[in-house]
Amino acid sequence: MAVATKTDGRDGTAVLSLRGVTKTFGAVAALTDVELDVAGGQVVALVGDNGAGKSTLVKVLAGVHTPDAGTILFEGREVSIPNPSAAQHLGVATVYQDLALCENLNVVENIFLGHELAPQRLDEVAMEVRSWELLKELSAKIPTVRIPVASLSGGQRQTVAIARSLLGDPKLIILDEPTAALGVAQTAQVLNLIERLRERGHAVIMVSHNMSDVQAVADQVCVLRLGRNNGVFKMSDVSTEDIVAAITGADENAHSRRAAKSAAKDARSATDKEAEVS
Amino acid sequence: MSTAGAPLPSLDLQDERLLQGKGRRDIPRLILERVRVGELGALPVVLGLVVIGIVFGSLNSVFLHSENLVNLLLECVPTGVIALGVVCVLLLGQIDLSVGSVSGLSAAVTAVFFVNKGIPAGAAALLAIAIGLAIGFLYSFVFVRLGVPSFVITLAGLLAFQGVQLWLLGKKGAVNLPFDSALVKFAQLDFVPKTLSYVFVVLAAGGLFVTGYLRARQRRSAELSAASVQALLVRSLVLLVILGLAVFYLNQDRGVGWMFVFFIGLVLVMNYVFMRTRFGRSMFAVGGNVEAARRAGISVRRVYTAAFVLCTGLAAVGGVLSAARLAAANQQSGGGDVNLNAIAAAVIGGTSLFGGRGSALSALLGILVIQSISNGLTLLDLDSSYRFMITGAVLLLAVAVDSVARRSRASSGLA
């Protein structure tokens, strides 16, 4: 396949590759020719301003929306994801921003919701043991799995949601704004979780607005702007400023313009400004 | 993972933040702690029943007589079965206001087809139940496909099916069931033989112990914490003694009615469905967070449909039983306070009106409270006006207790 050869030359084999994905809602082009590659054991941050198309892209991958054009390659095969269960079947797990947990159910019940073992005579013991295994793998700090999720903190809930997404041993995990509503300590906890997912060899796509989180865990940053790719950066050779510039559109951004000018004049003063911006 | 000397705690008790009882002496403290944070369980209802027993027992000596209690238990059954159905829809955060009418219609169908059309009683009862199930399908269709709130659908049903009931009963307005029919015998005259009743008691206590023991063994082999054999034994013995005494006392008169045993059986079946099946779990999930349930792959529509069908189906069963108990179906069947008593019973027993919390046991406990009050007030020769007022006050009290408990759960982070 001609398209598949494009992934060659990358380090690691891509779990997911998007080529020319386009989605329009009526007269609005939400996504235009979007490309994205994620390999196993790699964290790709998907960033962009409001309305950049991040959510639409996530929904395309989760099977909520079907793209109008373009190809989705999953482990080298061209696939279509017509509905959420097809996504789950492929091995794509999505953790939405609102987590979608039932507050009245306990941790085990939430992790296994919809996938209970032995439907006619629930195997509570096996489910509890498996829940502990998952939580331990994530080094999760949850004192007991037999309390309602309502009594857990935001970070702990995020942990439960991520543990649930691991249940089917997915290849690709999509985290939608995993740290948006969290405090400092809890954010650190969730970032640790993401690192652990990478260690386990999962491909991770993280949607985020928070540049310091992105810099902390991402290997690669994919910037969307107005529904188009606006650059894919390796985290090791990009500054926050460059990412912000790509998100906002460099030409229209006073900060980045000034930074670019000063950088040309004097590298030293540019680093000072960078400290100022961040 | 190795702790020198001390045995490794069970897989689920390794977090140092867990406050756990270390020995028998901690049990009262743990119970107090649970009450403080609002995990009341069945405690308020059981206390309420004791208070009711003391109050009415002291006001009228007949109340605690075994003859009266035998009748009381039988009286509980029709509305109790209806309340069991109400629990199903309340768990989803929905309501069925038409259970009274559906039960009335079902009573009328049973009586009319059995007595006037001459088909066998069992077939007539099955027909009535089938109609009940069909009504549930209709409700769920309107609810799921058209999105009409269940409150409005069932309010319409309340009126419409009462109309059908009146139309079926015709000008005479009442149909009497012959006393020698199996249906009436079942509701009025069939009692469990005394020896068999004790066998049931032993089976119940033994069953509680065996299931508890097997579960504990399974948990222990999976390195999870489990109840000790002593605790399980104590629990079963307490049940054995309480049930044994109750049955002994009832056996001083006619004993335990088969209809009541049937009700207990239904409660146990529904309890199993709620607690131990994927379907039951998905009911709690839908009641807690519909969107989460949907994203977890639960067919929310199917869960709603099943709940409405279960509710109206059980309401129809309750209607058949009430016709049998009364040996008649008339224009008042299922009218008056049946509707509210059934819903109140579920709520008093501890099923939340807001969905996601409740149990099958709440129907049993709730109806015992309601029926005891109603029975006690009747014995005191009080007018039904007082009965309504007092039942209303009790309902408010029960919901208030639930709300306060919910608030303290919320403040201790358990809501």
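**Confidence in chain A**

Chain A has a mean pLDDT of 83, with 86% of its residues at 70 or more.

| Element of chain A | Residues | Mean pLDDT |
|---|---|---|
| Helix H3, the highest | 107-111 | 94 |
| Helix H10, the lowest | 267-277 | 57 |

Over residues 1-11 of chain A, pLDDT stays under 50, and for this stretch the model has 11 contacts beyond four places in sequence. Where pLDDT is low, predicted coordinates should not be read in detail.

**Domains of chain A**

The domain assignment divides chain A into domain 1, covering 4-238, and domain 2, covering 239-278. In the contact between them, domain 1 of chain A takes part with 12 residues and domain 2 of chain A with nine residues. On the side of domain 1 that touches domain 2, at least two residues each are supplied by strand S3 (43-48), helix H7 (211-217), strand S9 (220-225) and strand S10 (228-234) of chain A. By class, the residues on this side of domain 1 of chain A are six nonpolar, four polar and two charged.

**Contact between the chains**

Chain B places 29 residues in contact with 26 residues of chain A. On the side of chain B that touches chain A, the elements giving two or more residues are helix H8 (194-221), helix H11 (278-288) and helix H12 (290-295) of chain B. H11(B) provides the largest share of that side, five residues. The classes represented on the side of chain B that touches chain A are 12 nonpolar, seven polar and 10 charged residues.

**Helix H2 of chain B**

Helix H2 of chain B comprises 17 residues, 43-59.

The buried residues of H2(B) are Val45(B), Gly48(B) and Phe56(B). Seen down the axis of H2(B), these buried residues fall within an arc of 55°, and therefore line one face of the helix. Among the elements covering the buried residues of H2(B) are helix H14 (338-348) and helix H15 (360-379) of chain B. The face of H2(B) turned away from the buried side carries exposed residues, namely Leu47(B), Val50(B), Val51(B), Ile54(B) and Ser58(B).

Terms used
Residues numbered from 1 in each chain as written. Chains lettered and ligands numbered in written order. Predicted model: local features only at pLDDT ≥ 70, side-chain atom pairs only at ≥ 80, totals over all residues. Contact = placed C-beta atoms within 7 Å. Helix = DSSP H or I, 4+ residues; strand = E, 2+ residues; numbered from the N terminus. Nonpolar A, V, L, I, M, F, W, Y, C, P; charged D, E, K, R; others polar. Domains from an automatic or database assignment. Expected span 1.5 Å × (residues − 1). Buried ≥ 20, exposed ≤ 12 C-beta atoms within 10 Å, placed from the backbone. Arc of directions from axis to C-beta. pLDDT = per-residue confidence, 0-100.
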